[in-house]
Amino acid sequence: MDFQLTEEQLAVQAAAREFAQNELWAGVIERDEHQKFPTEQIKKMGELGFMGMMVSPEYGGGGMDTVSYVLAMEEISKVDASCSVIMSVNNSLVCWGLEKYGTEEQKRKYLPGLTSGEIIGAFALSEPEAGSDATMQRTTAEDKGDHYLLNGTKNWITNGTTASVYLVVAQTNPEAKHRGINVLIVEKGMDGFVTGPKENKLGIRGSDTCSLMFTDVKVPKENRIGDDGFGFKFAMQVLAGGRIGIASQALGIASGAYELSLKYAQERKAFGVPISQHQAIQFKLADMATNIDAARLLCLQSAHDKDAHQDYAKSGAMAKLFASKVAMDTAVEAVQIHGGYGFVKEYHVERMMRDAKITQIYEGTSEIQKIVISREILK
Ligand code: CAA
């Protein structure tokens, strides 16, 4: 593995850093406090190429590699993890899945809008009774010849109220269990499709999460992705790549909290010296820096595996498992280093601590990552 980043990768990293520092810091506290969706910021991210980074230029994407995506995700997540989850779902789950398995017509219809940030995509797998056990789909897609009749409810859908295009997982043939599942492209505005109210969340409050309700929604047959019954494999494959994105989000939250802590520790004085001169703080900073470097290596390893067309289910799950723990631990320590200031909003680290938690839950809990890793080891 080459540890040297290319000129192009360094340029993407620098562009993402500049954008995040210049355009996301201002307003991040307000967006968090009022659960305000970053409409303008996402539009700009589309213009800069961050919404469809790995999609081929033929469909309006940046044609970049997964390593570049990890670098950009880290920089954006350092400042605003709400923006980065919107970006991650759009890139990894929606655009990547559509480009890899969609028909030419589906790609031409949806990818240019999704990559430019003109429209946003959502991925709808979770249900009230199907979270970790994703095979237990209650949403049904009844085959009616030229269309499917979609009925059911989805939960916890990132980009739920703001998306225009939804990749919806549904059961067509229950007897075939997970091999009877399909993924359908559902558009906002289709008759019988409504979204629920925004969830009032602990973290990533700028991003919108809601339920989706489908009542006799007629979805044309040409909106199915892949062959009949391919839906579960499709979901597992996009999630395997999605975990690299969420791992990078966790990495970014950790490095953001660390950078603020380092700066604060060098400025804040106690007992006559900056607190960075006290060993108690030095040990915390050393642990943070070590863990973050290890998490970054795992993120880059999994991205490298994907770019090299090697299996990345295990390395992606490892990256997510480890980086999300590092995000949580680092953010908690960042609040501790900041003392009382860490407990108030204007110092940012309390938000990072709240944002970090979801990285251990979505796109598979930490326990699910361990299942994926151990199965790969034992198979
Ligand atoms: N690639 C391709 N196929 C895969 C695969 C992969 N990475 N992983 C599994 N499969 C296939 C298997 O080969 C198997 O196929 P066959 O039976 O045809 O051979 C099929 O899928 C079933 O596999 P398993 O028997 O391993 O399935 P399982 O039910 O025992 O459990 C699981 C699998 C890993 C626990 C899975 O259910 C899972 O990942 N659960 C977590 C779901 C999740 O991540 N949800 C997140 C929702 S999206 C989200 O959070 C987005 C957001 O908001 C940010």
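**Note on a helix pair and the ligand site**

1. Helix α4 (residues 66-79) packs against helix α8 (residues 279-307) at an angle of about 150°, and their axes are 8 Å apart. This makes α4 roughly antiparallel to α8, a label for angles over 145 degrees. Axes are lines fitted to C-alpha atoms over the stretch in contact, and angles run from 0 to 180 degrees between N-to-C directions. Helices are DSSP runs (H or I) of at least four residues, numbered from the N terminus.

2. This is a predicted model: local features need pLDDT of at least 70, side-chain atom pairs count only at pLDDT 80 or more, and totals for chains, interfaces and linings use all residues. Residues are numbered from 1 along each chain, and side-chain values use heavy atoms, without hydrogens and water.

3. On the α4 side, T66, V67, V70, L71 and E74 are in contact (heavy atoms within 4.5 Å) with α8, where the partners include R296, C299 and L300. The residues of this contact divide into six nonpolar, two polar and four charged.

4. The ligand is surrounded by 24 residues, and the closest are S132, T158, H178, E363 and R375. A residue counts here if one of its heavy atoms lies within 4 Å.

5. Helix α7 gives the largest share of the shell around the ligand, six residues. The shell divides into 11 nonpolar, eight polar and five charged residues.

Conventions. Helices (H or I, at least four residues) and strands (E, at least two) are DSSP runs, numbered from the N terminus. Ala, Val, Leu, Ile, Met, Phe, Trp, Tyr, Cys and Pro count as nonpolar, Asp, Glu, Lys and Arg as charged, and the others, Gly among them, as polar. Angles under 35 degrees count as roughly parallel, over 145 as roughly antiparallel, 65 to 115 as roughly perpendicular and the rest as oblique.
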